[in-house]
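Let's take a friendly walk through this structure together. Have your viewer ready.

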Amino acid sequence: MFAQEFVRTAFLAGTAIALACGLVGYFVVLRAQVFAGDALSHVAFTGALAAAAAGVDTRIGLFAGTILLALILGGLGDSSRADDVTIGIVFVWILGLGVFFLALFSAGAGGGNGLLGARTLFGSIFGLSPADGRLAAIIGAGVAAAVLAIARPLLFASVDPGTASARGVPVRALGLMLLALLGATTAEATQAIGALLLLGLVAAPAGAAQRLTPNPYLALLLSAGLAVVSTWVGLTLSYLIPQLPPSSAIIAVASAIYLLAFLVTTDARLRVSRLLVRGVTEPRN
Amino acid sequence: MPASPSLSLDLVSDFQQLTAYPFMVNALEAGAIVAVMASVVGWFMVLRRESFAGHTLSLMAFPGATGALLIGLPAAAGYFTFCGASALVIGASAGSGARGHRSEESAVTGAVQAFGLACGLLFLSLYQGVLSSYENLLFGDFLGISRGQVVTLGIVAALTLAFFAVAGRPLLFASVDEPVARASGVPARTLALAFLLVLGLAVAATAQITGVLLVFAVLVAPPATAQLITARIGWSLALTVLLSLVITWVGLGLAYFYNYPVGFYITTVAFSVYVIVRVARGVIDHPTLLRFGATMDGRS
């Protein structure tokens with residue numbers, strides 16, 4: 001299977017993208033900002049179609065759109081998780097604009113629109129050219145390195161913002177940086193697994209890691225590891241079963257891992273709490 | 001479509017043009033039903049800060065529709081099944097974690113959303129039909145609304161409003177102050193689950209008109225705007241319904257006269273109304289802010 005060029009490209013790009021999604025995703029889940037990630041991922045759709053309607057490279061639209069919105073969301077409220085209504089209203093309007101650009105683009109291009117729309121929404125990781133794949137790998141690795149570089153202060157700022165800012169940690173700037181990195185990640189992942197589906201690769205591995213271990217650094221690495229494993233397994237599955245779209249397979253594996261983590265930890269927690277209750281209620285003598 | 005429907009200053013002739021064709025009458029009626037139902041549900045959704053769950057439920061209409069297409073059922077059945085089922089999953093798993101665990105809840109919702117959409121893509125690729133039809137699923141198609149759909153919508157809306165007539169008061173209590181509501185015997189958990197289920201059904205109905213991706217415009221913008229204008233419950237509910245009706249009809253009318261997608265018009269009208277009200281609110285509340293050039297009010 002690795003004899004084919006497109007498979008190697010898909011694995012290369014997929015691994016880097018999964019790494020970035022897993023690392024950024026951990027902080028996004030920790031800070032309960034998945035909704036912001038959702039908004040950013042949908043905005044990638046508008047960015048790509050606006051670029052297509054204007055006749056420039058879709059990647060420019062992707063990155064400009066998502067990073068711009070990330071900064072807007074970060075600027076609108078210092079705790080952007082509080083204002084989910086603002087996020088919702090802003091991004092639904094931007095989606096509406098995306099529809100408008102789709103109509104504009106299809107009027108101009110005469111019918112070739114279905115392909116671009118579908119590729120933006122659902123990704124086409126097996127369709128990446130080797131050059132695209134290398135670029136995706138470099139950007140993914142860059143985002144991952146940036147997250148690791150700010151991991152320590154960001155963790156402090158996420159868990160206890162009050163104490164962190166008293167100690168001189170730039171809480172606000174770190175939050176903005178995370179959102180910008182999330183924007184870059186979504187723009188990158190849109191090309192591979194699509195604007196509608198990439199949320200799964202951000203949320204599911206991170207959610208699973210957070211359930212499996214209380215140690216934040218371990219969880220951070222576990223989240224990245226689970227994202228990469230989901231991508232590899234998903235790509236292999238979809239290579240073996242041609243009817244299965246690669247994006248669906250990757251997200252299905254990631255969701256299955258999350259479900260497994262959910263079941264395992266819920267059971268363990270119940271058992272522990274039962275033991276505790278028994279220890280308290282049964283008199284020891 | 002008439003040869004060239006054109007907007008004029010004469011409102012009567014505009015209205016006659018708008019209602020000249022049965023499909024447009026159907027669309028306007030369906031739009032009105034959806035506007036009333038979605039805005040009441042959305043009002044509670046905004047109050048309970050469950051926008052993310054609402055958005056996720058609306059996206060679940062996509063796998064519902066494609067799945068129904070695949071096995072040859074009417075699309076509406078798929079919409080309601082998928083939206084209802086995922087409402088139960090989100091409600092059950094969000095409630096099972098420790099209370100106040102918002103990060104867990106948002107991870108569950110995100111995972112459910114992505115998984116549902118992945119299923120939708122799988123169904124679509126298994127169906128191997130014309131791929132271009134997915135756009136209508138996602139972004140709405142108000143031209144194809146049948147009489148039967150309007151009747152179904154009416155029934156769902158009646159059920160939804162009946163739910164709020166019965167459970168609205170305790171739900172409001174539980175949404176505003178959950179611990180006190182629990183202490184005085186309101187079954188808050190059951191109500192939360194029931195609300196998510198109603199939200200799922202309402203969203204499934206709405207998605208058939210506005211498209212899966214744009215349900216949110218009707219669901220979140222009118223209540224958010226109304227809650228900016230007034231804090232009184234009765235007024236803001238009434239205002240929500242009114243705003244929603246106006247937004248939907250203006251959006252449909254614009255889409256009829258100018259040939260761009262209806263979703264674009266509805267979202268744009270909704271967004272402009274919200275921005276205008278928010279800026280006005282900021283100016284009224286903090287007139288001094290203008291001197292510093294800031295127009296957003298400092299709520300967060």
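This is a predicted model: local features need pLDDT of at least 70, side-chain atom pairs count only at pLDDT 80 or more; totals for chains, interfaces and linings use all residues.

Residues are numbered from 1 along each chain as its sequence is written, and chains are lettered from A and ligands numbered from 1 in the order in which they are written.

Chain B has 13 helices and zero strands; helices (H or I, at least four residues) and strands (E, at least two) are DSSP runs, numbered from the N terminus. Of its 300 residues, 47% are buried, meaning that 20 or more other C-beta atoms, placed from the backbone, lie within 10 Å of the residue's own; with 12 or fewer a residue is exposed, and in between partly exposed.

Now to where the chains meet. Residues are in contact if their C-beta atoms, placed from the backbone, lie within 7 Å. Chain A brings 46 residues to the contact and chain B brings 44 residues. On the side of chain A that touches chain B, α4(A) provides the largest share, 12 residues.

Finally, look at helix α7 (residues 151-159) of chain A, whose buried residues are A:L154, A:A157 and A:S158. These lie on the same side of α7(A) because they cover an arc of only 100 degrees around the axis, taken from the directions from the helix axis to the C-beta atoms. Their cover includes α1, α8 (161-166) and α9 (171-193) of chain A. The face turned away from the buried side of α7(A) carries exposed A:R152 and A:V159.

Note on methods. Two residues are in contact if their C-beta atoms, placed from the backbone, lie within 7 Å.
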